[in-house]
Amino acid sequence: MTRCVTIIISLFISMLFACTGNNVVKKSDKIIPGIKEIKKGTHLYKKGCYKRSLEHFLRAHELFVFYDNLSGVALSMNNIGNVYRTTGCPSSATQFFDESCRIFLYINDIEGAVQAISNKTAALIEDGRLEEASNALSCAKRIAENNKKLSVTLLKNQGILLVRKKEFKRAEDILKKACKKVETSNILEKAAINFALGNLMVETKRSDKAVEYFKKALSADQSSGFIKGIADDLAAIGTVYYNQDKYKPAVNFFNRSIKIYALMGNDKKVHKIMDFLIKSSEKANINISITKNFVKRWLEGKSLKGFCN
């Protein structure tokens, strides 16, 4: 019931105009096209349109390179890494995160550097490379602490890493600390932290608390419009209910989740959830034939609205 940790595309758009030195100020009018590409890519990324989002991030990268805007180059590198990370290419992702971090450090953007290393840490955790993840996390923490920068993303990743290492008590303390420290406006990070706490509750056999945290994550993802996050949250809640033998609510959440995955064209998730949905519906005596028809149609690319167009 794991999901890719919610990927946070860090826009840092204000950074592009506020960095020290005349380089950025003089060229601010010329980097606007790059910023527009970042915004378009981020919008598509949140919808789960990864191929299209990557195209915009690559265009942004070219524009920033052309005008030698290092802030934009580092930002686009970070975002390209996030796309590779969420599409199951962690090796490629970590290379982009490393280069992004190197540039951020060169221009003395500590927050950008910490974000890039944190994203690399998350990619390594998801790839099961826990020792490498621990080393990357330690590096990010040193940079943040030396510059008196608190990062809830680092706290979140540390908590997730500890969950993977089965150090549940420490993980819970750190994730709850992150939950208290995260800014109200940082909705995506709030969702990711609550999702991580939900997974921790599942691991420690506290099902009701797991549902509580997953529903908080769902609310945050719905507010931000992070489509993949919404689908992941719904699937996680459905799985908890299924394991509690609460088949009627399980059908409800699986039903909602599988439709989103189908519209996203995520065959792997659809097939996985369909098994649970069928079993739950049989136990609850609920007819899911309409859902099956829609899912089949959408996986064949026959949705009436092209969400990635």
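Rings of Phe, Tyr and Trp (its six-membered ring) are taken to pair if their centres lie within 6.5 Å, and such a pair counts as stacked with planes under 30 degrees apart, as edge-to-face with planes over 60 degrees apart, and as tilted for the rest. The model examined here is predicted, so that local features need pLDDT of at least 70 and side-chain atom pairs count only at pLDDT 80 or more, while totals for chains, interfaces and linings use all residues. Residues are numbered from 1 along each chain as its sequence is written, and side-chain values use heavy atoms, with hydrogens and water left out.

By the ring rule, the count comes to 10 aromatic pairs. One of them is formed by Tyr 45 and Tyr 50, an edge-to-face pair at 5.4 Å centre to centre with 65 degrees between the planes. Tyr 45 counts as buried (under 20% relative accessible area, where over 50% is exposed and in between is partly exposed, with a 1.4 Å probe and protein chains only), because its relative accessibility is 1%; Tyr 50, at 14%, is buried. Phe 66 and Tyr 67 form an edge-to-face pair at 5.2 Å centre to centre, with 85 degrees between the planes. Phe 66 counts as exposed at 67% relative accessibility, whereas Tyr 67 is partly exposed, with a relative accessible area of 26%. Ring pairs also link Tyr 242, Tyr 247, Phe 254 and Phe 276 into a cluster.

Helix packing was examined next, with helices taken as DSSP runs (H or I, at least four residues) numbered from the N terminus. Axes are lines fitted to C-alpha atoms over the stretch in contact, and angles run from 0 to 180 degrees between N-to-C directions. The axes of helix H5 (residues 70-86) and helix H6 (residues 90-106) come within 8 Å and cross at roughly 160 degrees; H5 and H6 are therefore roughly antiparallel to each other, a term used for angles over 145 degrees. In their contact (heavy atoms within 4.5 Å), residues including Leu 70, Val 73 and Met 77 in H5 meet residues including Phe 96, Phe 97 and Ile 103 in H6.

Helix H15 (residues 267-284) and helix H16 (residues 289-299) pack at an angle of about 170 degrees, with their axes 12 Å apart, and are therefore roughly antiparallel to each other. The contact is made by Asp 267, Val 270, Met 274, Leu 277 and Ile 278 of H15 and by Thr 291, Lys 292, Val 295 and Leu 299 of H16.

Technical notes. Helix = DSSP H or I, 4+ residues; strand = E, 2+ residues; numbered from the N terminus. Parallel < 35°, antiparallel > 145°, perpendicular 65-115°, else oblique.
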